[in-house]
Amino acid sequence: MNKLLPKIIFYALIVGVAIAGTLLYIKTQPPPTAPNMSPSPAASTCIITIDGQKYDVESLRNTHTGGDIFQCGTDMSATFHGQHGDNLQMIQRYLVK
Ligand code: HEM
């Protein structure tokens, strides 16, 4: 028993130092933060072509009485004229200048 006691004290010391070290390490770590937020993406667009002119109908997609029939990036002349005839005036505000 007399020979065992120093060994027990020695190992207890090692374990104690290890625990203290771990606690100290945890304490010095910076608190978790939210991941860096990337800048908000530029507002999206939905450009369609009618009679050679470009129109951004992104804002119309949610409100259009005829529904979100828009196929962005395509020529929708036939679709438009089929429903609205030749009245381009009604979409002037969406014209991309
Ligand atoms: C490129 C294609 C088209 C464009 C740019 C377009 C644009 C518009 C705009 C600016 C209006 C007036 C505001 C509103 O009511 O939302 C409108 C109205 C309307 N659209 Fe379209 N439209 C298109 C195609 C269509 C199609 C294919 C349909 C049918 C499925 C349709 C059905 C309607 C209806 C029922 C209205 C309300 C009544 C009227 O003003 O005639 N539209 N559209």
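The paragraphs below lead from the overall layout of the protein to its hairpin and then to the residues around the ligand.

This is a predicted model, in which local features need pLDDT of at least 70 and side-chain atom pairs count only at pLDDT 80 or more, while totals for chains, interfaces and linings use all residues. Residues are numbered from 1 along each chain as its sequence is written.

The protein has two helices and two strands, where helices (H or I, at least four residues) and strands (E, at least two) are DSSP runs numbered from the N terminus. Read from the N terminus on, these elements follow the order α-β-β-α. Of the 97 residues of the protein, 4% count as buried; a residue is buried if 20 or more other C-beta atoms lie within 10 Å of its own, exposed if 12 or fewer, and partly exposed in between, with C-beta atoms placed from the backbone.

Strand β1 (residues 47-50) and strand β2 (residues 53-56) pair in the antiparallel sense over four bridges, pairing being assigned if DSSP finds at least two bridges between two strands. Within this arrangement, I48 stands opposite Y55 in β2. The two strands form a hairpin with two residues between them, and D51, which lies in the loop between β1 and β2, has a positive phi of about 50° although it is not a glycine. D51 counts as exposed because it has 11 C-beta neighbours inside 10 Å.

The ligand is the next point of interest. The ligand is surrounded by 16 residues, of which the closest are T65, G66, M76, F80 and Q83; a residue counts as near a molecule if its C-beta atom, placed from the backbone, lies within 6 Å of it. Both β1 and α2 (77-84) supply at least two residues each to this shell, and the largest share, four residues, comes from α2. By class, the shell has nine nonpolar, seven polar and no charged residues, where Ala, Val, Leu, Ile, Met, Phe, Trp, Tyr, Cys and Pro count as nonpolar, Asp, Glu, Lys and Arg as charged, and the others, Gly among them, as polar.

F80, one of the closest residues to the ligand, lies in helix α2. F80 counts as buried because it has 21 C-beta neighbours inside 10 Å. F80 and F70 are ten residues apart in sequence, and 9.8 Å separates them in space, C-alpha to C-alpha.
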